Amino acid sequence: MLRLNRLTLTDFRSYAALTWRPAARISVLYGPNGTGKTNLLEALSLIVPGRGLRSARNADLPRLDGPGSWAVAARFQTQEGETIIGTGCEPGSDRRVFRLDGAAPRNQADIARIVAAVWLTPQMDRLFQEGLSGRRRFLDRLVWALEPGHAREMAAHDTAVGSRNRLLSEGRHDRAWLSGLEDSIARHAVAASAARLSLVTRLNAQIAAGAGAFPPGRIGLACPIAERLQVEPALKVEDWLRETLAANRPRDSAAGTCLLGAHRTDMRLTDVTTGTPAALASTGQQKALLIGVILAHAALIASARGFAPLLLLDEPAVHLDAERRRALWDVLIALPAQTVITGTDAETFLPLAGHAEALATGGGGLHPDGRFLRLQTDTTPVPAAL
Amino acid sequence: MGGPEVEHLIGLLSKLPGMGPRSARRAALKMLQQPESRMLPLAAALREAAEAVKPCADCGNLDSQDPCTICADEHRDRSIICVVEGVGDLWALERARVHTGLYHVLGGTLSALSGIGPEDLNIPLLLSRIAEGEVAEVILALGATVDGAATAHWLTDQIRPTGVAITRVGQGVPMGGALDVLDDGTLAAALRTRRGA
């Protein structure tokens, strides 16, 4: 079980100072544009290591008229008791630091062990219309939530690719140096692709098992490395990759970039019932497919780690028809996850009134809505397993 | 505070590793309060070291004699050369007293992104030391980074034709460490490089 008991923001984005104690397992934040709904979701997403749901740079996080430093602290109830996780930047420093129960954690993995968060943002509505780098980031974040070592594999891979690109662009055809870098690319690309493949297999099984009101999607990888990994042992794929990269030097040199590697992978999502790829589906259909993926991912984390992650849903109702909205509310009520949802008006969320609190945002604060729950205890029974 | 001399001193101190503006200020103040016992001896020691210590013409170690104490030591095994990135790595290995052979300091690693190529490293000297014929084994003790791995690969390629044995330091389970907290990459390396019990 993972429950947020208290969130405090100091000089973060639009908030000078805010203390929020969620009164229910599901919280709805509603208000006009620009009143700080997404800022609050972002604060929660920054509690887990990474750049949060906006992929923001540190420089963008402090409040505009503030002192330049910022802090977010969250108190959680976990299986092991209460714990406080904080993150922020000290005055005069642009390096983000973490605090775990008041002390500096040994590393960020210490924090990743305690909390997890999964989110859906309106930017993802364009995931299948825009370039493949957005889809790959989305995919890698899914992998990373279950395999924390994945981020390091990808970082090492990208460094090796960048170094090889530099050598080729400078016309420095040092055979031994290039093959050393290609060896690194091959090892890290195969490790990263294997992690992606394993995640996709588990996620597809989870989606198929939990298919309800949302169209069952099927994730596929457009990646020659992953394709080979399905039929050949990893060491053989590494050899193939090393040889191919060596043979491709003139081609990559002419193209100005490395045309093969874990950085070229694309993710596909298909509606299994109709066979329609997400890129060709309607906006509402895409949103429903994505929600199915996000919910399955949350369930996968819950079963792998023993607690459900925080579910941060920014404007999830947009583009959904009435039936899908109802289905989404039903799923959220049944899930054990602590959930924060945003929207522009409270009426959309009235079907959740018996299970959720609702807070109007504005004026740098939160204002409880009397039509929703205002209890300190959660009325939704929590399944014993979680 | 204290005039331009003090600010200049603090500025110089704060550029040292492990020092920031605050600790530099504290160190400067401590010295200024006892110039006779702390500051002048330090100044003399700094001058002495700066004038006496030079890179060893054989291995690149920093020492007040050339060849350095290690290269000049007749008890050391001259058939093994341990190649390290920097003098700091050499000192760490000497502190641990685990290597009885000689060293060779590269002065960095190949780094395409930082513009450091083979010509910027102390490599020709290493190859000529190997060519002298006394060396039987070269240990590559380089970091497990992309640049460290590329450098090891490059050196292996250069040294292999000479026929001397080339080894690399092992990777895996740290002393006193538990397996379940290791990341997948380290675990895989530990298993790949396992040895007979």
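How many residues of chain B are in contact with chain A, and with how many residues there?

Reply: Happy to! This is a predicted model, in which local features need pLDDT of at least 70 and side-chain atom pairs count only at pLDDT 80 or more, while totals for chains, interfaces and linings use all residues. Residues are numbered from 1 along each chain as its sequence is written, chains are lettered from A in the order in which they are written, and side-chain values use heavy atoms, with hydrogens and water left out.

On the chain B side, 19 residues are in contact (heavy atoms within 4.5 Å) with 21 residues of chain A. The buried area, meaning the accessible area (1.4 Å probe) that two parts lose on being put together, summed over both, is about 1,500 Å², and carbon and sulfur atoms give 57% of that. Within chain B, Ala112(B), Leu113(B) and Val146(B) lose the most area to chain A, together 37% of what that side buries.

Charges take part too: there are two salt bridges between the chains, each a side-chain nitrogen of Lys or Arg within 4 Å of a carboxyl oxygen of Asp or Glu. One of them joins Arg172(A) to Glu119(B), with the closest N and O atoms 2.5 Å apart.

Which elements does chain B bring? Those giving two or more residues to this side are α7 (146-159) and α8 (184-192) of chain B, helices here being DSSP runs (H or I, at least four residues), numbered from the N terminus. The largest share, seven residues, comes from α7(B).
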